[in-house]
Amino acid sequence: KRLASGSADKTIKLWDTVTGRELLTLKGHSGGVWSVACSPDGKRLASGGADKTIKIWDATTGKELFTLKGHLYAVNSVAFSPAGKRLASGSADNTIKLWDAVTGKELLALKGHSHEVLSVAFLPDGKRLISGSLDKTIKLWDTVTGKDLLTLKWSSHGVHSIAFSPDGKRLASASGDGTIDLWDAVTGREALTLKGHSGSVYHLAFSPDGNRLASGGKDK
């Protein structure tokens, strides 16, 4: 019933999705907010931005709970684990960091991408993580050991957004060339290419039943 949005104006807004009414405005970042994620229980909100930080907020009151620091450049993407106990962040410093979402402690730094990490997402089991980068690859990681398990090579464009279907069987990835690819998450094989956007696709989201996929892009 609520939606969170981050903006270049350095704020996060919470909205009532039934009425369209603005509920809260969260202020604290000193740069644009590039990514927001809600915890599975709906009680907390994470935000990452141009100021190189991640902030955790109380989604009911709008109070800032704590700030995570460690990335060298902008934080492009944040994602809660399915249990809500961990948080992943992808950055323009080419790394992914895993954090304890309760204490704010940094748990792991995942290194392997050679360019900005634009998107991160946990698999439904919470034990693995995927990342998409401007280095034209998608990587699968073990979130316990930090090991790089699989790399999917892209074509001539970077990977702007990634999303897993709720059952964990399909992976969607969006590219700078306006296409969206669907992959078999078990074998890593490309299953389908969706075409229709006339510019870069910046964000993807599966419906809760996994039967629909929404995409947003530069073509408005």
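**Reading the terms against the values**

Modeller: β8 and strand β9 (residues 86–91) run antiparallel and are joined by five bridges. This is a predicted model, in which local features need pLDDT of at least 70 and side-chain atom pairs count only at pLDDT 80 or more, while totals for chains, interfaces and linings use all residues. Residues are numbered from 1 along each chain as its sequence is written, and side-chain values use heavy atoms, with hydrogens and water left out.

Colleague: Why is β8 said to be largely enclosed?

Modeller: Buried means under 20% relative accessible area, exposed over 50%, and partly exposed in between (1.4 Å probe, protein chains only). Six of the six residues of β8 are buried, so the rest of the structure largely encloses this strand.

Colleague: Thr-11 is in strand β2. Why does Thr-11 count as buried?

Modeller: Its relative accessibility is 10%, and the limit is under 20%, so Thr-11 is buried.

Colleague: What makes the link between Thr-11 and Asp-9 a polar contact?

Modeller: A polar contact is a pair of N or O atoms within 3.5 Å; within protein, one must be able to donate a hydrogen and the other to accept it, and residues adjacent in sequence count only if both atoms are side-chain atoms. The side chains of Thr-11 and Asp-9 make such a contact at 2.7 Å.

Colleague: Which burial class and which polar contact does Thr-179 have?

Modeller: Thr-179 lies in the loop between β17 (170–175) and β18. At 13% relative accessibility, Thr-179 is under the limit and so is buried. The side chain of Thr-179 has a polar contact of 2.7 Å with that of Asp-177.

Colleague: Why are β12 and β15 said to stand at the edges?

Modeller: The order of their open sheet is β12-β13-β14-β15, with antiparallel pairing. β12 and β15 (148–153) each have a single partner strand, so one side of each is left without a neighbour in the sheet. The twist from one strand to the next averages 20°, where axes are lines fitted to C-alpha atoms (for helices over the stretch in contact) and angles run from 0 to 180 degrees between N-to-C directions.

Colleague: What makes β14 and β15 a pair?

Modeller: Five bridges join strand β14 (residues 137–142) to β15, so the pairing condition holds. Among them, Trp-141 is partnered with Asp-148, and Ile-138 with Leu-152. In the hairpin of these strands, Gly-146 takes a positive phi near 85°.

Colleague: How many cavities of 30 Å³ or more does the search find?

Modeller: The search of the whole structure finds one. The largest cavity holds about 110 Å³ of space. It is lined by 14 residues, and closest to its centre are Ile-130, Leu-150, Leu-152, Leu-171 and Ala-185. β14 gives the largest share of this lining, three residues.

Colleague: What does the lining of the largest cavity have, by class?

Modeller: Ala, Val, Leu, Ile, Met, Phe, Trp, Tyr, Cys and Pro count as nonpolar, Asp, Glu, Lys and Arg as charged, and the others, Gly among them, as polar. On that basis the cavity lining has 10 nonpolar, one polar and three charged residues.

Colleague: What lines the largest pocket?

Modeller: Its lining has 31 nonpolar, 16 polar and three charged residues. The space in this pocket is about 1700 Å³. Of its 50 lining residues, Val-36, Ala-37, His-203, Leu-204 and Ala-205 are the closest to its centre. The largest share of the lining, six residues, comes from β4.

Terms used:
1 Å grid on protein atoms, 1.4 Å probe; cavity = no way out; pocket = protein on both sides within 12 Å on 5 of 7 lines; lining within 4 Å. Points joined across faces, edges and corners; volume = space filled by probe spheres on them. Helix = DSSP H or I, 4+ residues; strand = E, 2+ residues; numbered from the N terminus. Pairing = 2+ DSSP bridges.
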